[in-house]
Amino acid sequence: MLSLKLLPIAVFLSSLPTLLGQIYQQNFDALTAGTLPAGWTANTGTWTVQTTGNFSSPNAFGEAAAGARDTVMYTAMTAIADMSMTGIEIVNTPDTMTGNIGCALRASDDGQNGYFVLPRFHVAAPYGEMFIFKRVAGVYTLLTNLPTPAGNFPSLAAGDFARFKCAISGSSIQWKLWRNGTAEPGYQTFTDSAIGGTGKAGLYSGNNLDGTTTGASTVDDLRIDNVIFPVTDANVFWSPYTWYSDGVGAVQPNNINGGSTFAQSIYYGAYLKTKFTGTLRPAAFIACSASRKVASGPF
Ligand SMILES: [Ca+2]
């Protein structure tokens, strides 16, 4: 029996999303109330610039009388795999049928397919809760619902503002929800690989109970970005260059934890080392494989 340890464990990279490029940013203040902002396509509901619920005056974006699960998509963007949405929304009366706004991620233009991340607001601690749905051919499936960590909402009342960030990269869905004025918390995460490929970002209306009638639901200072989550693994040493999952392919049990079937880097000289721990037996072997694309761009 021979114990084999090749390399120490070293992990430098966090799992926080890395911005690749901004796609959309809007405070809606210079837009005409009652109109649909350019680039957006409403699937269900009446989505327009609103004069109520604004954080940066005078306007916000949403529905004056929302129906639960109405969607509007930012169809002007190119469909991509990995994206994040950032915004702020007014909290209507918690634990009532009043409306709120969530994110559609990697969704089809018609909103029939994609992931949906929806907040709910409650009258008691922890006040915030996030519901994560997937929608396949129009059928919603609740994947999980998790309360916000203690401290994200020291208190909460109607008229307060809540900030949110939602993101997806590969099979990793990440979100955070916290009261405006409170320190920005870390991400909560969930993994699902049912919906791969590419899609677009959009908004999704809901309410603070699982009912069908909501009042106004609005969002302000909205931003959409193209992001990546760096690949991390406790048993892999990544060189100090940007590595990332390409989000292609279903995650298999023997793949990189939380990653996809591929990891990529655009940086020449990027490398990785792995640590193997185990018992070496007669005729045992370790197989590794790698491939390289020859880039045509300047290095
Ligand atoms: Ca505004």
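Trainee: Which residue stands opposite Gln26 in E16?

Mentor: Leu222 in E16 stands opposite Gln26. Keep in mind that this is a predicted model.

Trainee: What makes E2 and E16 a pair?

Mentor: Two strands pair if DSSP finds at least two bridges between them. Seven bridges join strand E2 (residues 18-26) to E16, so the pair qualifies. The two strands run antiparallel.

Trainee: How do you know that E5 pairs with E16?

Mentor: Apply the cut-off of at least two bridges. Strand E5 (residues 60-63) has three bridges to E16, in the antiparallel sense, so E5 and E16 count as paired.

Trainee: What is the bridge partner of Met85 in E16?

Mentor: Ile224 is the partner of Met85. Strand E7 (residues 83-90) pairs with E16 over five bridges, again antiparallel.

Trainee: How many residues of E16 are buried?

Mentor: Eleven of the twelve residues in strand E16 (residues 217-228) are buried. A buried residue has 20 or more other C-beta atoms within 10 Å of its own. For the whole protein of 299 residues, 40% count as buried.

Trainee: Why is Thr46 called partly exposed?

Mentor: Count its neighbours. Thr46 has 15 other C-beta atoms within 10 Å. Buried needs 20 or more, and exposed means 12 or fewer. The count of 15 falls in between, so Thr46 is partly exposed.

Trainee: Where is Thr46 placed?

Mentor: Thr46 sits in the loop between E3 and strand E4 (48-50). Its C-alpha atom is 9.4 Å from that of Thr71, 25 residues apart along the chain.

Trainee: What makes E3 and E11 edge strands?

Mentor: Start with the sheet. This open sheet has seven strands in the order E3-E6-E15-E8-E9-E10-E11, with antiparallel pairing. Strand E3 (40-42) and strand E11 (139-147) each pair on one side only, and these are the edge strands. Neighbouring strands of this sheet are turned by 25 degrees against each other on average, direction ignored.

Trainee: How do you know that E9 and E10 pair?

Mentor: The test is at least two bridges. Strand E9 (residues 114-121) and strand E10 (residues 128-136) have eight, antiparallel, so they pass.

Trainee: How many helices and strands does the protein have?

Mentor: Zero helices and 21 strands.

Note on methods:
Residues numbered from 1 in each chain as written. Predicted model: local features only at pLDDT ≥ 70, side-chain atom pairs only at ≥ 80, totals over all residues. Helix = DSSP H or I, 4+ residues; strand = E, 2+ residues; numbered from the N terminus. Axes fitted to C-alpha atoms, helices over the stretch in contact; angles between N-to-C directions.
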